[in-house]
Amino acid sequence: MHQPRDDEDSDDSTSNSDTDSLFDSDDEADTASDLDLESLLEEVTNNTDDDDNDLFDDDDLFDDDDLFDDDDLFDDDDLFDDEVQYSPEHYLAAGANLDVRRLRQKRYSPKTQSRLDWVKDHHNQYCIFTSQDPSQCFQEISANFLYGFLSWVCDQRRGKGGRRRPGIKHTSSLKTFWKWYLMVYRLETGRKIDEMVQVQGQDVKFPTASSKPFSSRVVRIVAKEKKLKDTKRESATMYVEDLAEFARVLLATREMTFKLGWLRIQLILFCQLAGITGNRPEALVQLRYRHLELTLIRDPNNSRPRLFIELTAEFTKGFLGIKDANKFKIPEIIYDPTLVLSPHTFMLGMLFKIQAFKSPSIVSPEKLYSLNVLEGMNEQQLPLKDELDDDFVFCQAIETACGARPAPQLQMSSNSIRYRMKIGGQITGFAQVTKPYVLRDGAAKELNESPDVSDSMQNLILQHSSIDTFLEHYLDRNINVDVQNIYRGLAPQRELMRFACSMSRSIDPRRPRKLSKEQSASVNSLPCIIKLDQRVKKMAAARRGGEGDREREEKYQRTLRRIRSEKQRQRRLLVATILDRYKKEQPVIDSERQLAGLVVDEDTRGALERSDHMTPEHLHLIDAILTLPETSPENECRRRIAAINAITAYSGVEEGAPSRFIPRGPPVKDDTPPAVKIEGQSIMLSRAILSIKTDKRPTICFVCLGNPSLTLRERVASYKNPGSLSRHFIRKHVKKLQVGECIDCRICGIQLEDRSCLLVHAERFHGTVSRIPAERLIT
């Protein structure tokens, strides 16, 4: 482990200089204020002497005896009444009450501390299981205790709340757990583990003539007895070519939908910034608008200024101390080959959606791109509104009575980003697991291979103490250079070797990731599921017969949860089995089909779905982003403006649930003229509005109909009967209307102040009634 830099000397020197300058500035300020007061008094005196000698008398105006007292003249204690001062006993008591353990705990981030607590819980649980005192085990630790403890850890298959967990399957995972345990031991005892115990308990160094063999060390013995795997999971690196394909699928896919279009846009922006800056996901999700600066900077080689996004990654990994924040300056790329990799386009689309610019006239990209740098200056700053400073750039979306909307006060979790990226990678067809760190790995390798980046600059960008961190953890063992041509003196095939080591090499959209209906239903015939199902039926019969009590009801609910989780686990295992069989058998099938002259399935590269499953805003977004660069500056500017406007319009669209059956292959070509499409949509909306105004008990929701963020299919959706509409109305709109929140009826053009007004208006003007008592809905 690399030791942190010792900055005590530099901190002392800085603080001394700052202190001196602070007092100097105060003295200068006091002197200046005294001079100003004397000059002001002198000016007043002169004016009164010249103009109004008969109105004022100097002796009456300033009476020294009344203004100053000789005892208080040189007493300056009253000048510092605003300073907080405590007695010496206060500071002595504060020092005596300090909990020294807080000094050690503050060294770690909440995530690290959570992992330390998790390891400590394992220690305590094992001691309780073996009837030992946890504190005494820490003090009297031995290799025998470690052997039993690590064996018990490897055998655990249940986690918190009885949840099933995969357990430790690799030797590297056991070594990682051992390293965490060493940290816990040091925090609990205040000292390092005994050297002899540590040598017996780990397997880190290679054996020498004086050291014990591997078989005598506890970790290695446990790994062999539990048959842990020595292989590591294959690491993946997402280069910019892989990111372009991945972002294109995120942009267009309907197999993964979002509650709000804003979430899809910010996921793509997150991937772009993670690849450009190489920041960890936890640092990016904590990005706030105060960390962004947008500036137009004069371009020496162009008449038009260049737009810069200056991003300050404030919340970086702070193990063993706070690190200085890096400030990245990202210039806009003119004639960008693909806008799907342009953070400026996506960032501006989000900013214009929330009208974030402080200047009230910058309300559209047309206004922004019409600005220039003033003569004699080299930059034009574009500040954002002050009230957005503490809002998160990557935020959650919440559902309200009027529909979904972004909640900038709620931070998007890194776990949500990881899950979305994993599913997106499966849809793309990557064989490797797609996660945020593959973008950081790709950025690190690009920086390392670039001749414009030194080792010191690479360490600064990646927040590493030395280049050894990159060599040990980021540089994988997949050799990406053409060693054969280098050995033979030929020109290396760099592009070919780069593609051979990329994630795009493994793309196969046919790779199974879901179960069919028949495969999903097949888990019901497994013996473990049949046994649980029979138990649930017996417990349900006892409940209907009135034989149950509270304890039996809790057991019944636990059994229901267990059978649901067990079915889900069996489905995951079935997917893994099918995927493993696909990897082994499908290459042989493809080879045989090609040699037999058969055509390979046409859906091997069909990544886009049919257009009839997409909203008009989504289709317009895809058309605007996936465009080729123009040949003139004016056309290129219009291309960017169109893309930004498309992102702004799409950010407020509620996507809804994914289509159940999504056919692969190229999109169906629709030759219907746009004018005819718009006319057809207008007719559908007019009929729906007429229905909710004239029908006594309509089956169309008037709130959804007036929400332009919903798709046309969701706006004009007709429910089976008025009762179904009432249940939707209560669940979707009434219960989500918070206290003090208003809702608009856009059909009637009025504002409803609370739930009671909404219920009365719905029944009186739109025939939507509720069978639930009003007092239950209003309170």
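The protein has 33 helices and eight strands. The model is predicted. Of its 779 residues, 36% count as buried. Among contacts between residues at least 6 apart in sequence, 67% join residues at least 24 apart.

## The sheet

Four strands form an open sheet, and their order is β3-β2-β1-β4. The pairing in this sheet is antiparallel. At the edges stand β3 (326–331) and β4 (379–382); each has a single partner strand, so one side of each is left without a neighbour in the sheet. On average, and with direction ignored, neighbouring strands of this sheet are turned by 25° against each other.

| Strand pair | Bridges | Opposite residues |
|---|---|---|
| β2 and β3 | six bridges | A313 and N326 |
| β1 and β2 | six bridges | L292 and L311 |
| β1 and β4 | four bridges | I297 and E379 |

## Two helix pairs

Which residues does α12 use to meet α17? On the α12 side they are E245, F246, V249 and L250, and on the α17 side M421, G424, G425, I427 and T428. By class, this contact has five nonpolar, three polar and one charged residues. Helix α12 covers residues 240–252 and helix α17 covers residues 414–428. Their axes come within 9 Å and cross at roughly 100°. An angle of 65 to 115 degrees counts as roughly perpendicular, and α12 and α17 are therefore roughly perpendicular to each other.

The second pair is helix α13 (residues 261–277) and helix α18 (residues 436–449). These helices pack at an angle of about 35°, with their axes 7 Å apart. From α13, the residues F270, C271, A274 and G275 meet P436, L439 and A443 of α18. The residues of this contact divide into six nonpolar, one polar and no charged.

## One face of helix α11

Helix α11 spans residues 218–225, and its buried residues are V218, V219, V222 and A223. Seen down the axis of α11, these buried residues fall within an arc of 130°, so they line one face of the helix. Just after α11 comes K227, which takes a positive phi of about 55°.

Most residues other than glycine have a negative phi.

S131 is not a glycine, yet has a positive phi of about 60°. This residue lies in the loop between α6 (110–129) and α7 (134–139). Is S131 buried or exposed? S131 has a relative accessible area of 69%. The cut-off for exposed is over 50%, and S131 is exposed.

Q463 is also a residue other than glycine, and its phi is positive, near 60°. The loop that holds Q463 runs between α19 (455–462) and α20 (467–473). With a relative accessible area of 11%, Q463 is buried. The cut-off for buried is under 20%.

Helix α19 contains Q458. Q458 is buried, and its relative accessible area is 1%. What is Q458 in contact with, leaving aside its neighbours within four places in sequence? The residues are A444, L447, N448, V453, I467 and F470. Among them, A444, L447 and N448 fall within the range of α18, residues 436–449. I467 and F470 fall within α20 (467–473).

Methods
Residues are numbered from 1 along each chain as its sequence is written. This is a predicted model: local features need pLDDT of at least 70, side-chain atom pairs count only at pLDDT 80 or more; totals for chains, interfaces and linings use all residues. Side-chain values use heavy atoms; hydrogens and water are left out. Axes are lines fitted to C-alpha atoms, for helices over the stretch in contact, and angles run from 0 to 180 degrees between N-to-C directions. Angles under 35 degrees count as roughly parallel, over 145 as roughly antiparallel, 65 to 115 as roughly perpendicular and the rest as oblique. Contact means heavy atoms within 4.5 Å. Ala, Val, Leu, Ile, Met, Phe, Trp, Tyr, Cys and Pro count as nonpolar, Asp, Glu, Lys and Arg as charged, and the others, Gly among them, as polar. Buried means under 20% relative accessible area, exposed over 50%, partly exposed in between (1.4 Å probe, protein chains only). The arc is that of the directions from the helix axis to the C-beta atoms. Two strands pair if DSSP finds at least two bridges between them.
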